[in-house]
Amino acid sequence: MSDSIKEKFKEILEYYDNNPFLSLIPILNFIQDEEGFISKDKIKEISKFLNIKENLIYETLTFYHFLSLEKKEKKTLYICKNISCLLEGAEEILEYLRENKDKLNFDFKECECIGLCDFAPAGLLDFKPLKNLSIEKIKELNEKI
Ligand code: FES
């Protein structure tokens with residue numbers, strides 16, 4: 001583990017009163033932001049640093065949509081599939097994405113509410129909020145990427 005990563009882990013751990021379980025998700029988020037995914041080597045390092053079993057770390061990170069065990073080649077578009085977004089057309093967008101999967105310049109995933117219900121249907125493109133989505137907006141987005 002590099003010194004800068006170790007320092008960041010220590011900083012996060014101290015912020016959470018040296019509680020390894022409270023520090024786990026912030027540390028996973030930090031690695032996800034830095035490296036785009038969380039490798040098996042990083043899981044081992046986190047396990048050793050926090051003294052938390054590797055299988056618990058693995059279970060935690062596979063529970064959350066926004067954490068990934070694999071390095072992604074493309075950006076990921078997350079489409080909210082909760083009630084406000086479904087009522088405003090998220091299912092039609094998802095159907096379009098499923099039917100045109102081979103033509104897309106990004107990956108896509110369904111996700112739970114992202115707190116943009118007032119702007120439904122909503123999504124995130126690598127965590128950048130996308131509001132009032134439509135199939136036309138998705139087509140434009142695909143051309144820009
Ligand atoms: S229901 Fe889609 S953002 Fe909340």
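**Questions on a predicted model**

Trainee: Is S68 buried or exposed?
Mentor: A residue counts as buried under 20% relative accessible area and as exposed over 50%. The relative accessible area of S68 is 9%. S68 is therefore buried.

Trainee: Which residues does S68 touch, not counting residues up to four places away in sequence?
Mentor: Within its own stretch of chain, a polar atom of the S68 side chain lies 2.8 Å from the backbone oxygen of E70. That partner falls among the residues not counted here. The residues that S68 touches beyond that limit are Q32, F37, I38 and L61.

Trainee: Is I43 buried or exposed?
Mentor: I43 belongs to helix α3. The cut-off for buried is under 20% relative accessible area. I43 has 5% relative accessibility, so the answer is buried.

Trainee: In what order do the 4 strands of the open sheet lie?
Mentor: The edge strands are β2 (107–111) and β4, each of which pairs on one side only. Pairing in the sheet is mixed, and neighbouring strands are turned by 25° against each other on average, direction ignored. The order is β2-β1-β3-β4.

Trainee: Which residue is the bridge partner of G123 in β4?
Mentor: Strands β3 and β4 run antiparallel and are joined by 3 bridges. G123 has its bridge partner in β4, and that partner is L130.

Trainee: At about what angle to β1 does α6 run?
Mentor: Helix α6 lies across two strands, β1 and β2. The angle is taken between N-to-C directions and can run from 0 to 180 degrees. For α6 against β1 it is about 145°.

Trainee: Within what arc do the buried residues of α6 fall, seen down its axis?
Mentor: The buried residues in α6 are A90, I93, L94, Y96 and L97. They line one face of the helix, because they fall within an arc of 160°. An α-helix has 3.6 residues a turn, so residues three or four places apart point the same way. The arc asked for is 160°.

Trainee: What covers the buried residues of α6?
Mentor: The cover includes strands as well as helices. Among the elements are β1, α5 (83–87), β2 and α7.

Trainee: Why do the buried residues of α7 line one face of the helix?
Mentor: Helix α7 (residues 135–144) has I138, L141 and N142 buried. Seen down the helix axis, these residues line one face because they fall within an arc of 100°.

Trainee: Which exposed residues are carried by the face of α7 turned away from its buried side?
Mentor: On the buried side, the cover includes β1 (76–80), α6 (90–99), β3 (123–125) and β4 (128–130). The face turned away from the buried side carries the exposed residues E143 and K144.

Trainee: Is the peptide bond from A120 to P121 cis or trans?
Mentor: P121 is found in the loop between β2 and β3. Most peptide bonds are trans. Omega from A120 to P121 is near -5°, and this bond is cis.

Trainee: Near what value is phi of N51?
Mentor: N51 is found in the loop between α3 (40–50) and α4, and is exposed, with a relative accessible area of 69%. Most residues other than glycine have a negative phi. N51 has a positive value, near 60°.

Trainee: What is phi of N18 near?
Mentor: N18 lies in the loop between α1 (3–15) and α2 (20–35). Its phi is positive although N18 is a residue other than glycine. The value is near 60°.

Trainee: What share of the 145 residues in the chain is buried?
Mentor: The chain has 7 helices and 4 strands. Its accessible surface comes to about 9,200 Å², of which 49% belongs to carbon and sulfur atoms. The buried share of the residues is 38%.

Technical notes:
Residues are numbered from 1 along each chain as its sequence is written. This is a predicted model: local features need pLDDT of at least 70, side-chain atom pairs count only at pLDDT 80 or more; totals for chains, interfaces and linings use all residues. Side-chain values use heavy atoms; hydrogens and water are left out. Buried means under 20% relative accessible area, exposed over 50%, partly exposed in between (1.4 Å probe, protein chains only). The arc is that of the directions from the helix axis to the C-beta atoms. Contact means heavy atoms within 4.5 Å. A polar contact is a pair of N or O atoms within 3.5 Å; within protein, one must be able to donate a hydrogen and the other to accept it, and residues adjacent in sequence count only if both atoms are side-chain atoms. Two strands pair if DSSP finds at least two bridges between them. Accessible areas come from the Shrake-Rupley method with a 1.4 Å probe; for residues, only the protein chains shown count as cover.
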